[in-house]
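Here are a few exercises to work through with the model open beside you. Try each one yourself before reading its solution.

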Amino acid sequence: MRKKAVYVPVLGLCLNLLWLCGCGSPAEPVGFPATGESPGIESSYEDESVTSPVSFDETKEESKASPGSFSETREESSAAPEEVSERQEDGFDSDSQVSEAPWEEPKQQESAGSFADRDCYAYSYQFLSEPEKVWYQNILDILGAFRTGVKLDAGPLSKGCDEETLKKVFQCVMDDHPELFYVEAFNYTKYTRGAVTTGFTFSGCYTISDTEAALRKQEIDDAAEQILSGIPEDADQYEKTEYVYETIIRNTVYDMAAPDNQSIYSVLVNHSSVCLGYARTVQYLLNKMGVNCAVVLGSTDTNQRHAWNLTEIDGAFYYLDATWGDGNPQTADENAVEMIYDYLNLTTAELEQTHVPNGETPLPVCDSREANYYTRHGALFSSYDEEQLERLLRSEEDMVTLKCLTADCYEEMKNKLISEGALFQFLPDSGKKVTYTQNDALMILTFWMTNS
């Protein structure tokens, strides 16, 4: 499925960027009765790809661009890898015609205040040049105050900044500022004198009025405050990250048709969204908790567009993907798989098994496992260790998950626990049915104990 929305008004251009997320839902768990025998069936992670190209056509002097949107298709019995949709990152095809126009100071609009959070973790901003940072601040001021027709500083023009710079900087602002939930696009007018560009005016394009945005912001603030109040004051950065990961997954349904599904409003208020909504909300909440977090855009290894997060915990960077952690995002079945921890704080090497960043913004090498879920919960195995398995599997929890560091360890774990049925010597004798999934890319086994 493709979505493309580009229109060219008279004397101008409008770009609407739609990110489409095609993500697979987690695999149906494989079930076997607690009899000491396992069918040894593998569950698989498969994706259905949905992509949306972005094009930019400029005529005369006016144009419009949008921070995208995304949707995806999910299929039953497909698994965690998923989708993406949104952003100014796809190749812009520029067919530009400009005409001479006198530079006139635009009429400025007054604003009662700003929605922009200037204390947030602005990850993309740090990689911009000084002239680009000037426009970043201009655009943040404009979008935060619901303004239109505002003259950008002309200084960056002498440093080579142009329309492509404008699109790049706009995307960086949107990547860094999830609180701009009402922004859908921007318009600009380019002024030239002969072949020389003399200036730009910039206008935000908004999905709602500033009055409605203020009401929605209050709803967002109330929802965020309720979530933030649930974390202990002495929680460390890892505990805050795990808490946000679990809270978003438990309270959000993945729905391509969800309204406002590119924004934090869709998750915090409507409780239904797609991957960019998940990722922006993780970013928003963790930044409020003092944990540095950014949104990363790219694709899956099956070429599905996708969004996830980069976090910094105790000075080390990790990748986090709450959407893929949503074990069964479109079901209300109380016995369904609710959550998987495979994608909570990954290394770069682990992420690259299934995710491909778009390369627009530099990313650090993530090589620490200190804040990985499996390390923190004593579930990271370097060998088939019966004592460690005893401690883990006799926990009386309804879900037990473990990760192997090597392929040899993983194969031995599958053979002994599943094929040979050794799992049951460790489990409490509860009479419950055992189901499992396996993530071969990350060498993870997850077991659920259910009543049926």
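**Exercise 1: The cores**

Of the 110 residues in the largest nonpolar core, the ones that touch the most other members are Leu143, Tyr182, Leu402, Met413 and Leu417. Keep in mind that this is a predicted model. Take Leu143 and work out which residues it touches, not counting those up to four places away in sequence.

*Solution.* What remains is Phe170, Val173, Met174, Leu180, Tyr182, Val183, Phe202, Gly204 and Tyr206. Now look beyond this core: there is a second, separate one of six residues, including Ala279, Val295, Leu297 and Ala307. As background, nonpolar side chains in soluble globular proteins tend to be buried together.

**Exercise 2: An open sheet**

Find the order of the five strands in the open sheet and say how they pair. Then explain why β13 and β14 each have a side without a neighbour in the sheet.

*Solution.* Step one, trace the order: β13-β12-β11-β10-β14, with antiparallel pairing. Step two, check the ends. β13 (344–346) and β14 (355–357) are the edge strands, and each has a single partner, so one side of each has no neighbour in the sheet.

β12 (residues 316–320) pairs with β13 over two bridges, in the antiparallel sense. Here Tyr319 sits opposite Leu346 of β13. Step five, see what covers the strands: helix α4 (residues 237–251) lies across β11 (305–313), β12 and β13, and runs at about 120° to β13.

**Exercise 3: Asn309**

Is Asn309 buried or exposed? And which backbone oxygen lies 2.9 Å from a polar atom of its side chain?

*Solution.* First place the residue: Asn309 is in strand β11. Its relative accessible area is 1%, and the cut-off for buried is under 20%, so Asn309 is buried. Next, list its contacts, leaving out neighbours within four places in sequence: Ala279, Val282, Gln283, Cys293, Ala294, Val295, Val296, Tyr318, Tyr319 and Leu320. From that list, Ala279 is the one to pick, with its backbone oxygen 2.9 Å from a polar side-chain atom of Asn309.

**Exercise 4: Two positive phi values**

Most residues other than glycine have a negative phi. Look at Phe146, with phi near 60°, and Asn303, with phi of about 65°. Where does each one lie, and is each buried or exposed?

*Solution.* Phe146 is in the loop between α1 (130–144) and β5 (150–151). With 12% relative accessibility, it counts as buried. Asn303 is in the loop between β10 (292–300) and β11. At 56% relative accessibility, Asn303 counts as exposed.

**Exercise 5: The whole protein**

How many helices and strands are there in the protein, and what percentage of its 452 residues is buried?

*Solution.* Count the elements: twelve helices and 18 strands. Then the burial: 57% of the 452 residues are buried. For contacts with a separation of 6 or more, 72% come from residues 24 or more positions apart. Finish with the surface: the protein exposes about 18,800 Å², of which carbon and sulfur atoms supply 44%.

Methods. Residues numbered from 1 in each chain as written. Predicted model: local features only at pLDDT ≥ 70, side-chain atom pairs only at ≥ 80, totals over all residues. Heavy atoms only, no water. Pairing = 2+ DSSP bridges. Helix = DSSP H or I, 4+ residues; strand = E, 2+ residues; numbered from the N terminus. Contact = heavy atoms within 4.5 Å. Axes fitted to C-alpha atoms, helices over the stretch in contact; angles between N-to-C directions. Buried < 20%, exposed > 50% of the residue type's maximum accessible area, 1.4 Å probe, protein only. Areas by Shrake-Rupley, 256 points an atom, 1.4 Å probe, with all protein chains shown as cover. Polar contact = N/O pair within 3.5 Å; in protein donor to acceptor, adjacent residues only side chain to side chain. Core = buried A, V, L, I, M, F, W, Y, C linked by side-chain atoms within 4.5 Å.
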